[in-house]
Amino acid sequence: MRWSRYYLFTTREVPRDAEVVSHQLMVRSGMVKKLAAGIYSYLPFGWRSLAKLMEIVRREMAAAGAVELSMPAVQPAELWHESGRWQDYGRELLRLSDRHDRDFVFGPTHEEVITDIVRHDVSSYRQLPISLYQIQVKFRDEIRPRFGLMRGREFLMKDAYSFHTDDASLAVTYEEIRQAYCRIFEACGLDYTMVEADSGAIGGSHSHEFMVVAETGESAVVRCPECDYAANVEKAETRALPAPPAGPESGLRKVPTPGATSVEEVAALLEVATSQVVKTLVYMGPDGPVATLVRGDREVNEVKLAASLGAPGIRLAEPAEVEEATGAPLGFAGPVGLPDGLRVVADESVRPLAGFVVGANEADAHYVGVDLERDVRVDDWADLLLVGGGDACPRCDGKLEEFRGIEVGHIFMLGDKYSKSMGCTYLDDQGESHAMQMGCYGLGIGRTVAAAIEQGHDDGGIVWPLPLAPFEVLLLSLQTRNEEVVAASNQLYDELTRAGVEVLYDDRDERPGVKFNDADLIGVPLRIVVGARSLKEGQIELSLRRTKEKEMVAVDGAVESIRERLEAERARVTGSGG
């Protein structure tokens with residue numbers, strides 16, 4: 001493709017709303033163009049990269065036995081009422097009405113639609129298992145779209161769904177798709193890890209996320225260097241915390257703590273460790289306020305709390321709500337003497353404490369010497385701890401390490417969450433009806449490409465892994481008014497094209513500096529420079545974008561040299577070859 005005839009316009013200006021490198025470089029390199037908040041057009045240069053990823057995805061999904069289809073983006077509200085998600089999904093669900101005032105949604109995901117399809121076509125155990133997938137536009141009305149394609153409102157996603165007679169069959173397909181995802185991300189040359197995850201609004205009993213390791217990642221992840229344990233911090237576990245020394249056994253006493261509203265201030269004032277203070281945090285759920293207890297030196301994992309309460313819409317109470325529930329101003333709430341109607345949930349870290357400190361449910365006062373069994377009513381115990389780096393691995397004797405990651409894939413064991421509510425059933429060999437067991441498998445197309453840029457860039461621009469690069473080779477003709485240079489460049493371009501090499505030929509009448517800067521910006525893996533000086537010696541210059549190492553090769557046989565360099569780079573990325 002000749003640049004002069006291609007729709008590719010680069011810019012030096014960094015978009016004001018671009019907070020992360022991938023967003024900046026995708027706009028500057030002419031890959032995407034913003035239409036509205038969180039909504040982007042995929043321009044030709046960007047679409048080529050997305051198309052390459054989609055080709056890899058289709059290959060590996062086929063290898064895993066999944067069959068491609070396409071489902072409507074706009075879905076009738078009746079299906080979402082059937083599943084129970086019309087209200088449960090929340091404000092990210094874009095609801096709309098047609099001219100007849102019938103309600104629809106712009107699909108953020110397609111569990112309802114695929115279940116509706118299968119329930120009308122499949123009725124016997126002999127027809128199961130089946131796996132179906134699509135690559136399609138989704139829409140989630142993010143409250144704060146940002147980071148370009150990493151957290152947009154409209155996005156391109158591969159979503160797959162499987163249907164089974166039982167859990168054992170589901171587990172087999174889940175493992176097949178898991179392995180397919182690993183092959184996809186390995187084929188892309190990405191540094192990734194798979195972690196245990198919370199299922200969120202999708203639901204189900206079991207899920208894993210695939211994270212591309214990047215400093216700009218929105219997700220905090222922990223993993224153990226000694227074993228294979230890894231989890232999103234929303235899901236992560238740790239072994240029981242070692243109990244701190246017990247406080248003085250002087251009985252329950254109320255002591256003044258004027259102005260001390262934080263754990264650190266209380267601990268300093270009373271000369272105790274923060275681990276000997278118990279925080280009482282009030283959350284508002286659908287059934288009213290809930291008092292949550294956690295050790296003072298730790299934080300509540302709100303995802304775990306919501307799961308334990310069965311209430312995905314929880315939020316921290318406002319100061320007035322805290323005072324109404326406990327009688328205490330913010331910073332002085334505690335579990336001693338709470339009203340009987342207020343539910344109390346405690347983290348397991350509180351259980352071994354003795355002689356600890358809590359708020360006294362009145363301004364400027366705390367209780368010391370608190371005994372759990374004597375003084376505190378706990379309705380429920382749960383693992384509510386937010387796990388972080390340095391905590392003990394729950395599987396071995398190792399210590400967890402924390403890093404940032406970009407979620408690019410998420411797979412779920414849904415069970416019968418949708419099939420049961422929507423009547424998606426099959427008849428077994430005895431003629432008895434059962435709800436099908438389902439799996440769901442999502443992969444972000446645009447997000448994966450953006451993650452590749454987050455991992456592969458330098459001060460000059462993008463450094464593409466070869467499998468995702470829009471073009472394999474960038475051919476630069478430095479003197480477009482020199483007949484010999486133009487003739488040699490044209491001939492090399494034609495030969496490369498006939499050889500099946502994906503080449504972008506920069507034949508623009510621009511200064512060499514402009515061409516070199518653009519070459520760094522767009523990041524094509526192999527660069528070929530045809531200039532008058534080297535051409536007189538029968539040579540052209542080759543360099544890898546990744547290493548910037550340059551070498552001169554003979555014009556005669558240049559195509560073979562280029563193909564050898566590409567094969568070596570492809571083998572390096574995918575781990576194949578010698």
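E502 and K52 form a salt bridge, with their closest N and O atoms 2.4 Å apart; the term covers a side-chain nitrogen of Lys or Arg within 4 Å of a carboxyl oxygen of Asp or Glu. Please keep in mind that this is a predicted model, in which local features need pLDDT of at least 70 and side-chain atom pairs count only at pLDDT 80 or more, while totals for chains, interfaces and linings use all residues. Residues are numbered from 1 along each chain as its sequence is written, and side-chain values use heavy atoms, with hydrogens and water left out.

Here is how the protein chain is divided, with bounds from an automatic or database domain assignment:

| Domain | Residues |
|---|---|
| domain 1 | 3-237 + 401-454 |
| domain 2 | 253-382 |
| domain 3 | 471-575 |

The contact between domain 1 and domain 3 takes 17 residues from domain 1 and 16 residues from domain 3, where contact means heavy atoms within 4.5 Å. The C-alpha centres of these two domains lie 37 Å apart. Between them, about 1,300 Å² is buried, and carbon and sulfur atoms give 64% of that area. Buried area here is the accessible area (1.4 Å probe) that two parts lose on being put together, summed over both. On the domain 1 side, W3, R12 and F45 lose the most area to domain 3, together 46% of what that side buries. The count of salt bridges between domain 1 and domain 3 is 2.

Now for the space inside. The largest cavity is lined by V463, W464, G523, P525, R545, R546 and E569. A cavity is a set of points on a 1 Å grid over the protein atoms alone where a 1.4 Å probe fits but cannot get out, and lining residues have an atom within 4 Å of a point.

Key. 1 Å grid on protein atoms, 1.4 Å probe; cavity = no way out; pocket = protein on both sides within 12 Å on 5 of 7 lines; lining within 4 Å.
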